[in-house]
Amino acid sequence: MKEKLPKLPRMAAIHDLSGLGKCSLTVALPIVSATGVECCCIPTALLSTHTGGFTGWTFTDLSGDIVPIAEHWHELGVGFDAIYSGYLASEAQGELLTRAIDLLRGDNTLVIVDPAMADNGKYYANLGDGMAACFRKLIKKSDIITPNVTEACFLTGSEYRPGSHSMEFITELIDKLSELGPKFVAVTGVSLEQGRVGIVARDNRSGKLSAVMNKALDGTFHGSGDVFASAFAALLTRGASLDDALRYAEDFVTAAIERTALHGTPRHYGLDFEGALGEYVRKIEELFVEGV
Ligand code: PXL
C-alpha cells in the first residue's frame with residue numbers, strides 16, 4: 001500500500017440524465033470516473049430517453065436545482081479542477097449554467113462547454129436558433145469547446161456542409177468560433193477525406209493546429225460526441241496535454257463505435273463504450289506516472 005497519492009482531480013458535470021439511450025450523464029459519469037477523475041453531477045433534467053430517434057419520452061425539468069446545488073457546493077468550499085457541460089434542456093438553462101460556473105470556478109478551473117444541440121445539418125428535437133444564441137453566450141465563459149461541424153456552423157452563422165470538408169472551411173469555422181473567446185476549439189465529426197473522420201483542433205494561445213483522424217463507419221452513431229467530449233474533458237482534467245487528450249479520446253470513441261457496430265446495437269441506443277473502457281484505462285496509464 002502506497003503511503004500517499006496525489007490529490008484526486010474533481011470535475012462538476014452539468015448535464016441531463018436520460019435513462020436510456022446513452023448520452024449526457026450516463027456517458028460522462030462512467031467515463032470521467034474511469035479516467036481517474038471524481039465526477040460530481042448536477043442533473044439538469046430527467047428523461048426516460050434522449051430525444052434523438054425515440055418518441056414519447058418523459059421529461060422532468062430540474063432547472064430549479066442547478067443554482068442551489070452549485071450554491072451548496074460553493075458554501076462547502078469544495079474546489080473544482082473542471083466544469084463540463086453539454087446539452088441544455090431549455091434556453092433558460094444557459095443563464096443558470098452561467099451562474100453555476102461563476103459559483104464553482106476557481107483560478108485554475110478548466111471550463112469545457114460541449115454545445116450539444118445539432119448534428120447532420122439539423123437541430124435536435126424542439127431546438128432552434130435560440131439555442132445557438134444561448135450557447136454563444138455560454139461559450140464566452142468557457143476555456144474549451146467541442147462542437148461538431150453542424151454545431152460549429154450554427155454557432156457561427158455559416159452554411160452547413162456535409163463531408164468531405166476542406167481544411168480551409170474547417171479553419172474558417174475555428175477562426176469564427178475563436179472570436180467567441182475559447183482558448184481551445186476542437187471541431188468533431190470532420191471528414192477531410194472520404195472514409196476517414198475525426199477532430200481538427202486549435203490551441204489559440206500557441207496557434208497550433210492538430211488533426212486526429214480514424215477510419216469512419218457509415219452513418220451516424222448517436223452519443224459519439226458525448227463519449228468523445230467526456231473522455232477529452234476528463235483527460236485534460238487529469239493533466240494530459242491537449243494532443244494526448246485528443247488522441248486518446250478519439251481512439252476511445254472509435255473503439256466504442258466499432259463495438260456498437262459489431263453488437264448490431266440500434267444507433268439511437270448510443271455507443272457501446274463499456275467493453276472499450278478496459279483498454280482505454282490501460283492505455284491512459286502510460287500517460288500518467290502517478291496512479292489515482
Ligand atoms: O447527446 C446529446 C443529447 C443529450 N441529451 C438529450 C438529447 C441529446 C440529443 O439528442 O436529446 C436529452
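Lysine 208 is partly exposed, at 42% relative accessible area. Here buried means under 20% relative accessible area, exposed means over 50%, and partly exposed is in between, with a 1.4 Å probe and protein chains only. This is a predicted model: local features need pLDDT of at least 70, side-chain atom pairs count only at pLDDT 80 or more, and totals for chains, interfaces and linings use all residues. Numbering runs from 1 along each chain as its sequence is written, and side-chain values use heavy atoms, with hydrogens and water left out.

Back to lysine 208. Its partner in a salt bridge is aspartate 243, with the closest N and O atoms 2.3 Å apart. Lysine 208 sits in strand 11 (residues 208-215) and aspartate 243 in helix 8, so the pair links distant parts of the chain, 35 residues apart. Helices (H or I, at least four residues) and strands (E, at least two) are DSSP runs, numbered from the N terminus. A salt bridge means a side-chain nitrogen of Lys or Arg within 4 Å of a carboxyl oxygen of Asp or Glu. Aspartate 243 is partly exposed as well, at 34%.

How many salt bridges are there by this rule? The count is twelve. Take aspartate 272 and lysine 22, whose side chains meet at 2.9 Å, N to O. Aspartate 272 is in the loop between helix 8 (242-263) and helix 9 (277-285), and lysine 22 is in the loop between strand 1 (10-20) and helix 1 (24-34), so this pair ties together parts 250 residues apart in sequence. Both residues are buried.

Now a local one. Aspartate 251 and arginine 247 form a salt bridge at 2.7 Å, N to O. Both lie in helix 8, four residues apart, about one turn of the helix. Aspartate 251 is partly exposed at 21%, and arginine 247 is partly exposed at 33%. Shared partners also join Lys22, Asp272 and Glu274 into one network of salt bridges.

Next, strand 11 again. Strand 10 (residues 196-203) pairs with strand 11 in the antiparallel sense, over eight bridges. Two strands pair if DSSP finds at least two bridges between them. Alanine 201 has serine 210 in strand 11 as its bridge partner. The two strands form a hairpin with four residues between them, and glycine 207 in the turn has a positive phi of about 80 degrees.

On to the ligand. Which residues are around the ligand? They are Asp16, Ser18, Cys23, Ser24, Leu47, His50, Thr51, Gly52, Tyr87, Tyr124, His222 and Asp226. Each has a heavy atom within 4 Å of it. A polar side-chain atom of aspartate 16 lies 3.0 Å from a ligand nitrogen. For serine 24, a side-chain N or O atom is 3.2 Å from a nitrogen of the ligand. Histidine 222 has a polar side-chain atom 3.5 Å from a ligand oxygen. The protein covers 99% of the 320 Å² of accessible area that the ligand has on its own, by the Shrake-Rupley method with a 1.4 Å probe.

Serine 24 is buried, at 4% relative accessibility.

Asparagine 126 also has a positive phi, near 70 degrees. Asparagine 126 is in the loop between strand 7 (122-123) and helix 4 (129-139). At 73%, asparagine 126 is exposed.

Last item. The peptide bond from glycine 163 to serine 164 is cis, with omega near 0 degrees. Serine 164 is in the loop between helix 5 (149-156) and helix 6 (167-178).

Methods: Polar contact = N/O pair within 3.5 Å; in protein donor to acceptor, adjacent residues only side chain to side chain.
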